[in-house]
Amino acid sequence: MKATHYYLGVFFFLLANGVTAKAQTTYPATLEEVTVFFTGAELMHTATPRLQQGENEIVVSNLSSNVDVNSIKVKTGNGVMVSAFEYSVNHLAMKTEDSEQVRILRDSLDIYTQALEQLNIEQTINSTLLQQLKDGIGKNVSGSEKGLGIDELMKTMEYFDTKSRELEKERVRLSRENKRLTEGRSRVESQLRQESVKNDKEIGELRLHLRALRAGQTSVFVSYFTTAAGWEPTYEIYVEDADAPIRIHSRAKVSQTTGFDWNQVKPTLSSARPGAGRRVAPLFSAWYLQPQQPGIRVRGSSPREVVQNSYSYNQMERTLTPANETSPLYIIDGVPFSAEDFQHISPDRIKSMEVLKDASSTAVYGARAANGVIVIELKNSVEDYVVTEEQSLDMSYAIDLNYNIPGNGKVQYIELRTDEVQAKYKYYATPKLDSQTYLLAEISDWHKLNLLSGNANITYNGTYLGETFLDTSSTGQKLTLTLGSDPRVAVKREKLQDYSSTRLVGNDVTQQFTYQITVRNNRNRPVKMVVKDQYPRSTQKNIDVTLVRKETTPWSAQNEDVGVLSWEDEFAPGEVKTYRLSYSVKYPKGLNLNL
């Protein structure tokens with residue numbers, strides 16, 4: 001009896017909720033604007049509910065289920081006031097509609113499964129026949145008291161050989177087919193899991209209490225911040241030769257898992273970090289020195305970037321004035337067009353427009369320009385649709401092109417721009433650390449490119465060399481890129497035994513080390529070269545390190561903190577040069593050093 005009351009209670013609860021859900025007015029939201037940050041995104045949706053005069057309660061659906069509730073902003077028009085709102089996740093309204101791609105994958109999975117089931121039956125039958133053949137032959141040979149005659153035995157063995165070969169070949173074929181089908185099914189399952197991610201997401205809903213002055217349709221704008229999205233810069237660097245400019249091709253890797261696809265959106269990419277910064281700028285506090293145990297390092301908190309969130313509803317509209325009867329001459333990218341053809345050009349395609357009148361127009365285009373000339377330049381590359389804006393705390397890229405970014409986390413590459421810059425090339429070698437010689441490119445005034453830190457793929461003379469990292473947080477005057485190693489500029493480091501020695505004086509040992517570096521330019525053109533070598537440094541009074549200047553080749557630069565000498569030189573084709581480094585180390589006898 002209690003169970004009956006329980007199920008009746010559940011039934012009436014679901015019925016009541018079903019009636020409530022049916023009576024409630026729900027309006028699906030349309031995604032209008034997207035601003036993607038390195039981590040997270042700001043989404044702006046619109047809905048157009050029809051309201052009654054006075055109090056109204058509506059639900060705006062199709063929002064992300066991953067929302068920072070504190071970031072929700074609601075704006076209305078037509079004198080409608082928002083008196084209250086409540087965000088929730090509808091767990092019962094999960095997206096269950098499969099896309100065409102998902103349906104195709106499910107059908108493929110069924111085909112693979114059925115084929116594997118049939119194949120398993122054939123493998124079982126084959127194994128049974130093979131075992132019965134072996135058992136039958138054994139019984140036939142040993143079952144007779146007198147045994148089989150030579151002729152019967154030969155026939156039996158010949159039959160066994162023929163039949164067992166057939167069954168073994170079939171077993172191998174079935175095994176290979178099983179492997180092929182299993183791998184195929186595994187690939188389909190992996191793809192299906194990836195495609196089905198967006199179908200398993202829950203839906204966010206916003207319940208609004210609105211007060212309208214009069215009945216009618218109005219617009220509701222809802223914006224919020226979600227962490228289920230992000231982007232990162234990436235670069236393709238192309239170098240034709242060691243005396244050619246460098247082309248830096250900038251891209252953005254964008255992905256999102258908000259639970260729905262972003263269809264036909266014009267994204268804005270921002271380098272800001274909403275919610276990741278301090279709420280107030282940091283201040284110094286007293287710094288008290290305290291003793292600490294060996295091996296324990298006390299770390300202090302480091303201030304992070306100060307970022308303020310910004311939510312806006314900026315919208316831009318562009319319209320074209322239709323041509324009148326006395327239409328001017330249209331020149332589009334240098335080609336004459338009629339007024340009718342001009343009307344079919346989307347305003348988004350126009351990069352610039354200039355109007356010429358009177359004598360200035362006829363002087364260039366003749367009598368056909370009597371009604372004036374409109375000179376139009378169209379956007380013919382991705383860069384024409386990207387507006388880069390550097391603000392106080394971040395940089396943004398507003399892209400005036402429509403993109404479809406799926407909600408299953410797949411990375412989408414968005415083209416941003418291409419920069420061509422001059423660079424100075426030189427070779428670099430540290431034979432103590434690496435026997436290879438590297439070609440470097442130094443870019444001056446690189447801060448004018450407005451680059452962001454990110455991974456970069458380098459292609460030199462049509463050959464992909466690998467990946468490097470573009471660190472734009474550097475304080476250096478030049479941005480240095482490692483383009484790869486070049487075996488045509490050879491370098492060798494060797495110890496000169498005749499200039500190295502060990503002496504014992506009293507309780508001290510003095511060792512002298514001399515190394516020679518040989519560089520040869522095997523290229524058919526002159527090159528600039530930087531060679532570096534290192535000598536040890538000492539922080540203890542009983543260990544003395546001295547740089548032997550008379551044996552050491554004069555250097556171009558020295559970094560005494562790490563004991564590095566640099567030689568910067570130019571090499572003619574085929575030229576060979578040598579550099580020497582000599583130093584002595586004095587230390588107590590019996591002390592082992594990492595020499």
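This report describes the confidence of a predicted model, one of its sheets, and the setting of one threonine.

**Confidence**

The protein chain has a mean pLDDT of 79, with 75% of its residues at 70 or more. Confidence is lowest in helix 1 and highest in strand 3, as tabulated here.

| Element | Residues | Mean pLDDT |
|---|---|---|
| Helix 1 | residues 2-23 | 46 |
| Strand 3 | residues 41-47 | 94 |

An open sheet is formed by 5 strands in the order 22-12-11-25-26, with mixed pairing. Strand 22 (412-421) and strand 26 (463-470) stand at the edges; each has a single partner strand, so one side of each lacks a neighbour in the sheet. From one strand to the next, the twist averages 20°.

Within this sheet, strand 11 (residues 229-239) and strand 12 (residues 246-256) run antiparallel and are joined by 11 bridges. Thr 234 has Arg 251, in strand 12, as its bridge partner.

**The setting of Thr 552**

Thr 552 is located in the loop between strand 32 (544-547) and strand 33 (557-559). With a relative accessible area of 5%, Thr 552 is classed as buried because that value falls under 20%. A polar atom of the Thr 552 side chain lies 3.0 Å from the backbone nitrogen of Ser 582. Leaving aside neighbours within four places in sequence, Thr 552 is in contact with Ser 582 as well as Leu 547, Leu 565, Arg 580 and Leu 581.

Technical notes: Residues numbered from 1 in each chain as written. Predicted model: local features only at pLDDT ≥ 70, side-chain atom pairs only at ≥ 80, totals over all residues. Heavy atoms only, no water. pLDDT = per-residue confidence, 0-100. Helix = DSSP H or I, 4+ residues; strand = E, 2+ residues; numbered from the N terminus. Pairing = 2+ DSSP bridges. Axes fitted to C-alpha atoms, helices over the stretch in contact; angles between N-to-C directions. Buried < 20%, exposed > 50% of the residue type's maximum accessible area, 1.4 Å probe, protein only. Polar contact = N/O pair within 3.5 Å; in protein donor to acceptor, adjacent residues only side chain to side chain. Contact = heavy atoms within 4.5 Å.
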